[in-house]
Amino acid sequence: MFEYSFMLNALFGALLSGLSLAIFAPYVTLRRISYMGEALSHIAFAGIAIAILLGLNLTFTTLVFVVLISLVIGWLSRKRKLHEANTISIFLSVSMALGIILISISKNYSFDLASYLFGNVLLITGVEIQSLLILNVLNLAFVLVFYKELFYLTYNEEMARVFRIRIAPVSHLFLVLLAANIVINLKSAGIILVTAQLILPAVIAFNFVHSLHRAIVTSAIVAILSATIGFALSYNLNLPTGATIVLFEALIYFLSLNFRGKQNA
Amino acid sequence: MIQISNLQYGLGGKSILENINLEIPDGEFVAIIGPNGAGKSTLIKLLLGIWEMQQGSIQIDGINQQEWLKTNIFGYLPQHEEFDRSFPATALDIALMGLAGKLPLATRFKPQHKQAALTALEQTGVADLAIRLIGNLSGGEFQRVLLARAIVGGSRYIILDEPEASLDRPSVESFFALLKSLNEAGHTIITISHDLNVLSRYCSFLVCLNRTLHCHNHTELVSAEIIHNTFGDSVRIIEKDY
């Protein structure tokens, strides 16, 4: 299976990609913002289109675009007292529409929409693996350093503010890092896998454990397992990698429902 | 001491609070009463700094509220704590929340913080539930955990928004008795309440609010007539001995 170096690269990519999102997944799940993963990856589409049209660096341009939009969403929701879910839905459709129009303007580029949806981990490059590695280090540092702030921000933002917990910088950083994770994972994983990896490992974890730090560890283990086994299955059965990983993870999820609530004590 | 002067507040062109001038002396057990939509919760949220003031000023211990809030916290117990019942927090985690703001950014709790949180849980009578997940607590137990969170930071002011709303009858009695004991230990208690019966036995200072202030005085000086004026015809006063 590993006679080609790109296969080893691809496995590494799948592992690092799953791991990076799995660390965020418990927070995303508990804050009930799993739609953010889907929304930000759609918003990235407009960023990709802008980069293609202007001939800029794809990842960097998309990253800046998504981070900017996610900060605008947060700001608009706070200042104008709009419901965040509504603001996000508006930006999602506007970004997709903008992306489609921009792509159609840059006629000479044949954009592969399928790879944007499902990603292609087999095409991952050394540079992308490096950025995934850095991303994982940043994620880990973030949840370790700001564990307390993240815990109470996730529990109840308004009450955290009443008790003067300094959640504002952590909340912004969370949004920025989440956006970075989505954009950097988009090429190898695609929208569907990014969305799945931001929720499935965590909901599986919470069926087994009942504390946040254990959930993060369990979520990471689930991601590693499903990336490895999903990858092997896709190779042996000649199936698309990303989709196989999602299906395998979903299988673990349904099996894990049997354990749900058995340790509530 | 809390001094509120010329406080006005409106939302979408509708006036919610008008010309509120209120002085709350230290050490009182204050009840804020008034009909639904009287602006009680608004008054509390402005006092806590959750909502931004539009007009007027609030002084706490002689210091401007915004300044005071930089170095102090209120002990606050909301009407409904919004949380996910499956959230992986224990009672101890919630009590510790009252201390988290005192720690610098990016630091962890130390054993002495956990000890302080346990002491607070003990004071509110739920120390034996410290490692229980919050989703497995009854309404009354959770309320006491929230009270522990309100007192653990050492604030002299404890502010409650209708604490009886999520409690059954016997729990209301014991909860107010607990508040009374905290009051006797030196805390100023400020609570919104609908339960005039319980209040008449525990509180020492009454604030009658219905967009404007109808009274703010020691309970023995408040007559049934004033309360009737606050609520209008929507409530019938059952005579009771203040």
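The radius of gyration used in these legends is taken over C-alpha atoms, and the globule rule is 2.2 Å times the number of residues to the power 0.38.

This is a predicted model, in which local features need pLDDT of at least 70 and side-chain atom pairs count only at pLDDT 80 or more, while totals for chains, interfaces and linings use all residues. Residues are numbered from 1 along each chain as its sequence is written, and chains are lettered from A and ligands numbered from 1 in the order in which they are written.

**View 1. Chain B as a whole, with its eight helices and 10 strands.**
Helices (H or I, at least four residues) and strands (E, at least two) are DSSP runs, numbered from the N terminus. A compact globule of 242 residues would have a radius of gyration near 18 Å, and chain B agrees because its value is 18 Å. Along the principal axes, the C-alpha trace of chain B spans about 50 × 40 × 35 Å. Buried residues make up 41% of chain B; a residue is buried if 20 or more other C-beta atoms, placed from the backbone, lie within 10 Å of its own, exposed if 12 or fewer, and partly exposed in between. Of the contacts in chain B with a separation of 6 or more, 67% are between residues 24 or more positions apart. Here, two residues are in contact if their C-beta atoms, placed from the backbone, lie within 7 Å.

**View 2. Confidence along chain B, down to residues 236-242.**
For the model, the scores are ipTM 0.87 and pTM 0.88.

**View 3. Where chain B touches chain A.**
Chain B brings 23 residues to this contact and chain A brings 21 residues. On the chain B side, helix 3 (residues 91-100) supplies the largest share, three residues. Sorted by class, that side of chain B has 15 nonpolar, four polar and four charged residues. Ala, Val, Leu, Ile, Met, Phe, Trp, Tyr, Cys and Pro count as nonpolar, Asp, Glu, Lys and Arg as charged, and the others, Gly among them, as polar.

**View 4. Chain A, with 12 helices and zero strands.**
The radius of gyration of chain A is 18 Å, close to the 18 Å that the globule rule gives for 265 residues, so chain A is as compact as a globular protein of that length. Its C-alpha atoms fill a box of roughly 55 × 45 × 30 Å along the principal axes. In chain A, 47% of the 265 residues count as buried.

**View 5. Helix 3 (residues 58-79) of chain A against helix 9 (residues 168-197) of chain A.**
These two helices pack at an angle of about 145°, with axes 9 Å apart; axes are lines fitted to C-alpha atoms, for helices over the stretch in contact, and angles run from 0 to 180 degrees between N-to-C directions. Look for Thr59(A), Leu63(A) and Val67(A) among the contact residues of helix 3, and for Leu175(A), Ala179(A) and Val183(A) among those of helix 9. By class, this contact has 11 nonpolar, four polar and no charged residues.

**View 6. Asn86(A) in helix 4 (residues 84-105) of chain A.**
Asn86(A) counts as exposed because it has 11 C-beta neighbours inside 10 Å. From Asn86(A) to Arg214(A) is 128 residues in sequence and 33 Å in space, C-alpha to C-alpha.

Terms used:
pLDDT is the predictor's confidence in each residue, from 0 to 100.
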